[in-house]
Amino acid sequence: MGRHLFLALGWIAVGLGMIGIVLPVLPTVPFMILAAFLFTRGSPRARAWLMDHAHFGPHIRRWEERGGIARRGKIAATVSMAAVFGLSLLLGLPAYLLAIQAACLIPAALFILTRPE
C-alpha cells in the first residue's frame with residue numbers, strides 16, 4: 001500500500017508542478033523535486049522519467065547533489081516575492097498582515113539566496 005501512496009502523491013506533485021508552469025504564483029520546480037523524492041519510494045520508472053526530463057531533470061539533480069538553485073531561479077524567486085510584498089503595500093493591507101507576510105517572505109528569500117548555484 002505504501003508504494004502506491006508514494007506513487008499517487010508523486011503524480012499529484014507533478015500535476016501541481018505542471019499547473020505552476022502556467023500559474024506564476026505556484027512554483028514548478030519545488031513540486032518536481034518533491035515528485036522525484038516521492039517517486040524514489042513509489043516508482044523507479046517514474047523517477048527515471050523525471051530525472052531524464054530535459055527541463056526538470058537538471059534542476060532536480062542540482063538540488064539533490066548540492067542543494068543548489070540556479071542564479072536565474074534565485075533572481076526570479078526573490079523578485080517575485082518583493083513584487084508580491086510591494087503589491088500588498090500598494091493595496092494597503094493592514095500592518096499585521098504585512099508583518100506576517102514579511103515574517104514569511106524574508107526567511108524564504110534568505111534561504112533561497114544562501115543556496116549554492
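Modeller: Rolling a probe the size of a water molecule over the atoms shows where empty space is left. On a 1 Å grid over the protein atoms alone, a pocket is an open set of points where a 1.4 Å probe fits, with protein on both sides within 12 Å along at least five of seven lines, and lining residues have an atom within 4 Å of a point. Points are joined across faces, edges and corners, and the volume is the space filled by probe spheres set on them. In this predicted model, local features need pLDDT of at least 70 and side-chain atom pairs pLDDT 80 or more, whereas totals for chains, interfaces and linings use all residues. Residues are numbered from 1 along each chain as its sequence is written, and side-chain values use heavy atoms, with hydrogens and water left out.

Colleague: How much space lies in the largest pocket, and which residues lie nearest its centre?

Modeller: The largest pocket holds about 1100 Å³. Its lining has 29 residues, with P27, T28, P30, G73 and A77 nearest the centre. Two or more lining residues come from each of α1 (2–22), α2 (29–42), α4 (56–66), α5 (71–91) and α6 (95–113). The greatest share is that of α5, with 7 residues. By class, the lining comprises 20 nonpolar, 7 polar and 2 charged residues (Ala, Val, Leu, Ile, Met, Phe, Trp, Tyr, Cys and Pro are nonpolar, Asp, Glu, Lys and Arg charged, and the others, Gly among them, polar).

Colleague: Which elements does the chain have?

Modeller: Helices (H or I, at least four residues) and strands (E, at least two) are DSSP runs, numbered from the N terminus. The chain has 6 helices and 0 strands.

Colleague: At what angle do α2 and α3 cross?

Modeller: Axes are lines fitted to C-alpha atoms, for helices over the stretch in contact, and angles between N-to-C directions run from 0 to 180 degrees. The axes of α2 and α3 (residues 44–52) come within 7 Å and cross at roughly 150 degrees. The two helices are therefore roughly antiparallel (over 145 degrees; 65 to 115 counts as roughly perpendicular). Contact means heavy atoms within 4.5 Å; M32, A35, A36, F37, F39, T40 and G42 of α2 meet P44, A46, R47, L50 and M51 of α3.

Colleague: How do α3 and α4 cross?

Modeller: Their axes come within 6 Å and cross at roughly 100 degrees, which makes α3 roughly perpendicular to α4. R47, L50 and M51 of α3 contact F56, G57, I60, R61 and E64 of α4. This contact has 4 nonpolar, 1 polar and 3 charged residues.

Key:
Parallel < 35°, antiparallel > 145°, perpendicular 65-115°, else oblique.
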